[in-house]
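Please read them alongside the coordinates.

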Amino acid sequence: MDAKQLKQQAAQAALEFIEPNTIVGVGTGSTVNYFIDALATMKDDIAGAVSSSEASTQRLQEHGIEVIELNHTADIPVYVDGADEITAHLQMIKGGGGALTREKVIAAVAKRFVCIADESKLVDVLGRFPLPVEVLPMARSYVAREIVKLGGDPVWREGFVTDNGNLILDIHNLTILEPMKLEQQLNNIVGVVTNGLFAQRGADIALIASASGVDQRHAD
Ligand SMILES: O=C(CO)[C@H](O)[C@H](O)COP(=O)(O)O
């Protein structure tokens, strides 16, 4: 089974968590694209979606799913999103697609975060995937210097602008033994909008697809 089929399986399994007549929180990325396609099969049973990116909004609308502004609802029972890395404790690195800030905001509002991923995303320790940090454009160099002081190796994702008009620094060469601490430290740097560590608010449920099926894991 190839990576595409595994992503599709995880995405399909997430439908089981969607509550009828509610607004669904929708993440960003290739795995989520399969989830959006699957969600379209039950679009008449949901009250619409809150989207974490312009790309997901476009795909949702192409399927005829109404996209609702987050400011117009406080009630999102379930948020479904992928991850770049996820641990057994369901802490994650996200933001490979650059949508980390909106993803984090919707995850904060949602009651349950369902992470969908193929087994290649499972890690013992976070940090092999470069950790994305969204920064205000004027603060890019300052934030990079502060990240170096924390032991990271920031690389500007040149040519990329987030949906919020900001820039991304990807931090290489991290071994993240204390994800909650690093998440806080990075967010404390002036000019950082947010970072891609989802440790304080990790996933509640992970649906991990492998050749033997979709494994359901719960946060401890
Ligand atoms: O955080 C994300 C986007 O900002 C994605 O969830 C993450 O990059 C995983 O993407 P994919 O499903 O394409 O592997």
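This is a predicted model: local features need pLDDT of at least 70, side-chain atom pairs count only at pLDDT 80 or more; totals for chains, interfaces and linings use all residues.

How many of the residues of S7 are buried?

1. Strand S7 is mostly covered, with five of its five residues buried. The cover applies to both faces: Leu131, Val133 and Val135 are buried on one side, and Pro132 and Glu134 on the other. In a regular strand, side chains alternate between the two faces of the sheet.

2. S7 (131–135) belongs to an open sheet of four strands, ordered S8-S9-S7-S10, with antiparallel pairing. Strands S8 (153–156) and S10 (192–195) stand at the edges; each has a single partner strand, so one side of each lacks a neighbour in the sheet. From one strand to the next, the twist averages 30°.

3. The partners of S7 are joined to it as follows. Five bridges link S7 to S9, the two running antiparallel, and in this pairing valine 135 has leucine 167 as its bridge partner in S9. Three bridges link S7 to S10, also antiparallel; here valine 135 stands opposite valine 192.

4. At the other end of the strand order, S8 is joined to S9 (residues 167–172) by four bridges, and these strands run antiparallel. Proline 154 has isoleucine 171 in S9 as its bridge partner.

5. Helix H5 (residues 140–149) lies across S7, S8, S9 and S10, and runs at about 15° to S9. Helix H6 (residues 179–187) lies across S7 and S10, running at about 165° to S10.

Technical notes. Residues are numbered from 1 along each chain as its sequence is written. Two strands pair if DSSP finds at least two bridges between them. Axes are lines fitted to C-alpha atoms, for helices over the stretch in contact, and angles run from 0 to 180 degrees between N-to-C directions. Two residues are in contact if their C-beta atoms, placed from the backbone, lie within 7 Å. A residue is buried if 20 or more other C-beta atoms lie within 10 Å of its own, exposed if 12 or fewer, and partly exposed in between; C-beta atoms are placed from the backbone.
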